[in-house]
Amino acid sequence: MDHGNHTWTQNFILNGFTTTGTLRLLAFSGTLCIYLLTLAGNLFIIVLIQADSGLSTPMYFFISVLSFLELWYVSTTVPTLLHTLLHGHSPISSAVCFIQLYVFHSLGMTECYLLGVMALDRYFAICRPLHYHVLMSRQIQLWLAGTTWVAGFSAALVPASLTVSLPFCLKEVAHYFCDLAPLMRLACVDTSWHTQVHGAIIGVATGCNFVLILGLYGGILRAVLKLPSAASRAKAFSTCSSHITVVALFYASAFTVYVGPPRSHPEGTDKHIALVYALLTPFLNPIIYTLRNREVKEAMKRITVRIRTILKEC
C-alpha cells in the first residue's frame, strides 16, 4: 500500500490471550502470583547480597545487577498481560506502545550483554585466579555493569526508531505487549528492509555475545579439566552451573523469536513464546541462583541467625 493512502491510528489494541469465565480468572490469578513472586525473589536476592558480607564478590555483584534488571524487565510487560487477561482486548496509546517497545528491548539487550560479562567474570575467576581481584576490581565491576546498560539502551534505539517511523493501517496487535514483529505486521508498507535491519542488529548483538560466552566457557572447561582432583573440578563447575542454566533459557527463547524473519512462524505464536523469556525466566532466575547455590544458602542461614538474635534482644 502506498504511503499516502495509509490511515494513521493514535491507538493500538492488544489482543492478548482469549480466555473466558473461570479460565480467565485462573490465568489472571496465576500470572499475578508469578509476577509478585518474581518481584519478591529478585528483591530478596538484592537485599541478601547487600546485607551479607560473605557475598561481597564480583559474581554476586553481577547477580544483584541482573536481579535489579529483572525487576524492570518483568514489570515492562506483565501489567499489560494482566490487563488483557482480565479485560480482554485492551487499547494502548501509540506513545505508550512505542515506549514499551523501546524499554523492553533495551532491557533485553542489556541482559544479553550482562550475561556475557558474568561469563567473563567466571572465566577470570577460574582461569586467572591469581589476578582475579585486580581484573575484577570494584571500579571495573561498576564500569562493566554501567557499560552493559548503556550498550543495551543504545542498541535498541535503531529497531525501535525504525518501527516508530512505519505508517500503520491496522491497529490490532496479536500480542499482549508491543513487540517488533506484531507491530510490523500492521504496517501499510513492505517491511522487508526493516526486518533485515532488525535481524542484523539483534542477531549480531546476541549472536556475537553468545559466541563470546561459548568461547569463555570453552576456556573454563579446558582449565577445569586440568584440575588435579574430582572435588575441585566439581566445585569449579558448580559456580558456573546456575549461569549456564540462565543463559540457556534466555538465548533459546530469544533466538526463537528474534532471529529469522518475523513471518517464519504463525501469527500469534510470538506471545506464547514470550511467556518464557518475559515471565518465566525472570521468575526462575532467583530460584536457580538460590536453590542451586551453596554460598547463598549459607548466607540465608547467617541472616536468619542475625534476625533471630536481634528479635531476642528486642
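Does D52 count as buried or exposed, and at what relative accessibility? In this predicted model, D52 counts as buried, at 4% relative accessibility. The legends below describe close-up views.

**View 1. A salt bridge joins the side chains of D52 and R302.** The N to O distance in this pair is 2.6 Å. R302 is partly exposed, its relative accessible area being 35%, whereas D52 is buried. Side chains of opposite charge can pair when their charged atoms come close.

**View 2. A salt bridge links R122 and D121 through their side chains.** Here the distance from N to O is 3.1 Å. R122 has a relative accessible area of 8% and is buried. D121 also counts as buried, with a relative accessibility of 1%. The structure holds 2 salt bridges.

**View 3. Helix α11 contains 20 residues.** From its first C-alpha to its last, α11 reaches 29 Å, which is close to the 28 Å expected at 1.5 Å a residue.

**View 4. V296, A299 and I303 are buried residues of α11.** These residues cover an arc of only 60° around the axis and are therefore on the same side of α11. The face of the helix turned away from this buried side carries R294, K301, R308 and K312, which are exposed.

Note on methods
Residues are numbered from 1 along each chain as its sequence is written. This is a predicted model: local features need pLDDT of at least 70, side-chain atom pairs count only at pLDDT 80 or more; totals for chains, interfaces and linings use all residues. Side-chain values use heavy atoms; hydrogens and water are left out. A salt bridge is a side-chain nitrogen of Lys or Arg within 4 Å of a carboxyl oxygen of Asp or Glu. Buried means under 20% relative accessible area, exposed over 50%, partly exposed in between (1.4 Å probe, protein chains only). Helices (H or I, at least four residues) and strands (E, at least two) are DSSP runs, numbered from the N terminus. The expected span of a helix is 1.5 Å times one less than its number of residues. The arc is that of the directions from the helix axis to the C-beta atoms.
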